[in-house]
Every structure is written in C-alpha cells, then in structure tokens.
Amino acid sequence: MVKRLLKQVVGIDVAQKELVVSLGKMDEDALSLIYAFKTFSNNQKGFTALVQWVAKQTVEAFPLRYVMEATGVYHESLAYFLVAKAYRVSIVMPNKITNFFKTLETKTITDKSMAEAIALFGLEKKLDDWVQPKKVFRNLRQLTRERDQLTVERTMLKNQLHAEQTEADPSETAIERMKFRIKVINTQLKEIMAETKAIIDDDVEIKRTVELITSIPGIGPLTAAVVIAETNGFELISSKKQLTSYAGLDVKEKESGTSVKGKSKISKRGNRYLRKAMYMPAMAAIRHSERYKAVFVRIVSRNGIKMKACVAVQRKLLEMAYTIYKTKTPYQADYLQIRTTE
C-alpha cells in the first residue's frame, strides 16, 4: 500500500544561468526523502522543462511546493512563471537556509547540496505562499535599478574621459563622443528621477512612507525609493534582523572547531541594490548626525577598521527605516530607542 504524502517540495538553487533542482517528499510517517536531482537552464525554455520533469516525478493528488532563496534577482523570472501557472511558490530569506544547512550532516556546500537543503527546509518548515509585488513597487524597482546601472556607466565614461584627456596626444573626436554619451546619460537620469517622483507623488501611502524614512539623517528620497522598491514596501520583511539579512548586511562569524575564531564580516548574501543604496546615506549620517557619528567613532576606536564602522551605520540606518515604517513615527534625534512590534 502506497503511503499518503504530506508534502512534495521542489528545492531550487538559482544561479544566473542555471537552476539546480532537488525533489523531496514527506510521507504520513513524517519521514523526509530527497529522491531526484536535475539541472535546468534559467530561461523560459528551462522553466517549461522543469515543470514537465517535476510533473513526471511527483504525484498530482498530493501537495506540491516550489521553494527557492531570495538572493539577487535571478529567481524572479522563475517565480513569476510558476505563479502564472498556479503553482505554490515560497521564497525564503537566505539566512534561514544558511542556518538550516548548518544543522545537516552534509558540510560541503555545492549547488546540489544547497538544492537538497532547500528541499528539506521546505519539507520541514511551514512556509507562506509568495505573493507577486504590487505593480507600483515593480515600477519603482525597475526605475531605481536602471538609474543605478546608468550611474555606473557614467562613472566609467568619466574615468575614460579623464584618461583620454591626460594622454600625451588625446583624440579630440573620442573626447567629444564621450562627452556626448555622458550628456545623454545625464538627461536619462533626470528623466528617471522625474518618473520616480511622479510614482511616489501619485500614491498617498508610498508618499507618506518616503516622508517618514527621509526624516532619518542621511537618507534622501532616492534611497527611500530604493528601500521601498527592493522590499515591496516592507511586505517581504517581518523583523529588523530579517531586513539586514535580506540586504546582506548581517554579520557572518568565521569559526574553526572550538578554539579558532576568524574575523567577522558581513555576509553579502542578499539584495545588493539595497546594500549599495545605504552606503552614501551612512557617510552623510556619520558627517552630520551626532548619533551616528558616535556609533562610527566607537567602533573605529575599538577595532580601528573604518569600513566595519561604516557598515554598522548602514545597518542601523536600515533598521531605523524599518522601525519608523512600523511605528509611523518620524525620526527623533533625542530618542535613543524606539520600540516596535516585530
């Protein structure tokens, strides 16, 4: 007699070009088993092949869930594809998978072992269904990411222009072309900022959230827009700890055995756009806010590492943005700790 299945999970380790997939199931005796493995291309053709393979390997009558990490942007197309096909999808914060992996007997991290860990996590945990972000958040995210890419391109062009201008025999035509491209990018950046402002102004709730977040020293409307866009208006977030992990600003301890402890560092396993957006606000807060300047000085005096202190300020600013969003209370410079329900 075939045992009834409580769960069937497709664990997916997503990379830029491929999907590493493990299938797992849990029977009525609560026994978990990983029983199949395959790799697919991370594109529409691969998505179709994936669901076809899963259909052959699973039992239609029992619950099935696709589970993946919320790292980078490479999982998004697959998530939209699966939801459009009415499959149940869960997207998990990377720190949860990492911590779960540490509890397993397998200690070697490979794409296959990570896919298996994701499948086991889905079998053993109760997961929520992923909900597509609202269109307004998607539009904001597309604009802020486009702006980031254009800014990087402009910086590269300015460096090239400087190098050409300092040549012994510079090419005037090359210089003019580079100046023209920089001018075009500047125009496009202004257009993006205007579109971003229009989106914010047209939504009362988002406009109010931006006003609250920009009350924090160092954080301007653009950074607020990035924070809102990359977190779907904080819909992805349930705690400050989860937020810093999602941004990859959580601290990762390096240990060997019981006696050797290496230097701690941020994980960087998270949303790079959110992490990058907090750098300049942190620098501004360190210069102009006594509160954050004190944090910076205290950490530098303790370990002498300015970058570590700057990261700590980035983390505190991001946490403060979440606190202010939850409490709906503007930043108060003389209030050391605002409590929030998490």
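Predicted model: local features only at pLDDT ≥ 70, side-chain atom pairs only at ≥ 80, totals over all residues.
Residues are numbered from 1 along each chain as its sequence is written, and side-chain values use heavy atoms, without hydrogens and water.

Where are the two domains? Domain 1 covers 5–124 and domain 2 covers 240–339, with bounds from an automatic or database domain assignment. Their contact (heavy atoms within 4.5 Å) looks like this:

| Part of the contact | Value |
|---|---|
| Domain 1 | 10 residues |
| Domain 2 | 7 residues |

Across this interface there are 0 salt bridges; such a bridge is a side-chain nitrogen of Lys or Arg within 4 Å of a carboxyl oxygen of Asp or Glu. On the side of domain 1 that touches domain 2, helix H3 (residues 94–102) gives the most, with 4 residues. Helices are DSSP runs (H or I, at least four residues), numbered from the N terminus.

How many salt bridges does the rule count in the structure? The count comes to 10. In one of them, Glu76 pairs with Arg141, and their closest N and O atoms are 2.9 Å apart. Glu76 sits in helix H2 (residues 76–84) and Arg141 in helix H5 (residues 135–165), 65 residues apart.

There are also 8 aromatic pairs, meaning rings of Phe, Tyr and Trp (its six-membered ring) with centres within 6.5 Å; planes under 30 degrees apart count as stacked, over 60 as edge-to-face and the rest as tilted. Tyr292 and Tyr331 are stacked, at 6.5 Å centre to centre and 25° between the planes.

Technical notes:
Helix = DSSP H or I, 4+ residues; strand = E, 2+ residues; numbered from the N terminus.
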